[in-house]
Amino acid sequence: MPELPEVEITARRLDVALRGATIESAQAPGINALKTFDPPLSALEGRAITSVGRRGKQFVITFTGDLALLVHLMSAGRLQLYDKRAGPRDRTSRLLLRIADPDHPARELRLREFGTKQAAWVKLLPSDAIDDEELIATLGPEAWPQPPEDLRARLKAPRPLHTLLRDQRAIAGIGRSWVDEILWTARLSPFKRGNDLSGDEALALREAIASVLDGAIEHYETVIALPIPDKLPLPLLVHRRTGEPCPRCGATIEAVHYEDYVMCYCPAEQTAGKVLKDRRLSRLLK
Ligand SMILES: [Zn+2]
């Protein structure tokens, strides 16, 4: 799933390309990803895009006349701009915004979704209603550019850091990929409980959040141009690198496999040499 750095670079590129552009038509093909009905999607026709931005891992696109689209990619959605319209056999598109632009006559902003699940969704709302949407109203402070000063207090719960840092109500923007990089950078165990975090550890974690997300966005600034590719080249050092040497100390990166994701860490630096139980293996051996 795209996380804060991926959504941030996408929003930046789309904002530059689309700010001021007029919507020719708006459609939500197939199973309707649109979760609101008033105003109708057709209300966007003739309006201009005033900004493409981000809140946590969600996009917010604003339009003249005080309308806004809240776009949730869920696990497999992408927001992409094309200079060619989707064909009639396209099955990935959940939302199509056709742009009236004489310089780009076939320009189209698409919410696409890969895989079998249809989970990505869109809400069309008055701009001032965005903050009242439950998803937005319950978001914690943004993880970037300044992670919350009260990070230690926010994570003070008897749950593992790997879970707490992905809780969007505690801190917004971090998911399964970047959490591994952040905990590795801070040399903290993914299973350390939030309420066991010392002041120094919380400080290291805060610095790691800022530097890791900053590094990712800077990387994307140099390599990502329109059209946004289906798969972004995530500059990951630890996540999905099971069995490879740790780039800092050379120990073998270990992993814990969950049903639909994998958590990676360096045992030498994060868990005092302890290799955590691989839940997939232990399930197979039952
Ligand atoms: Zn290491």
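A residue counts as buried when its relative accessible area is under 20%, as exposed when over 50%, and as partly exposed in between (1.4 Å probe, protein chains only). Keep that in mind for this predicted model, where local features need pLDDT of at least 70, side-chain atom pairs count only at pLDDT 80 or more, and totals for chains, interfaces and linings use all residues. Residues are numbered from 1 along each chain as its sequence is written, and side-chain values use heavy atoms, with hydrogens and water left out.

**A strand on the inside**
- Strand β8 (residues 121-126) has 5 of its 6 residues buried, so the rest of the structure largely encloses it. (Strands are DSSP runs of E, at least two residues; helices are H or I runs, at least four; both are numbered from the N terminus.)
- β8 pairs with β4 (residues 67-72) in the antiparallel sense, over 6 bridges; pairing takes at least two DSSP bridges.

**The zinc site**
- The zinc ion's protein donors are C246 (SG), C249 (SG), C266 (SG) and E269 (OE), at 2.0 to 2.3 Å.
- Donors here are N, O and S atoms within 2.8 Å of the metal (3.2 Å for Na, K and Ca); water is not among the atoms, so sites may look incomplete.
- Along the sequence, these donor residues follow the spacing C-x2-C-x16-C-x2-E.
- C246 sits in the loop between α6 and β9 (254-257) and C266 in the loop between β10 (262-265) and α7 (267-270), so the pair ties together parts 20 residues apart in sequence.
- Both C246 and C266 are buried.
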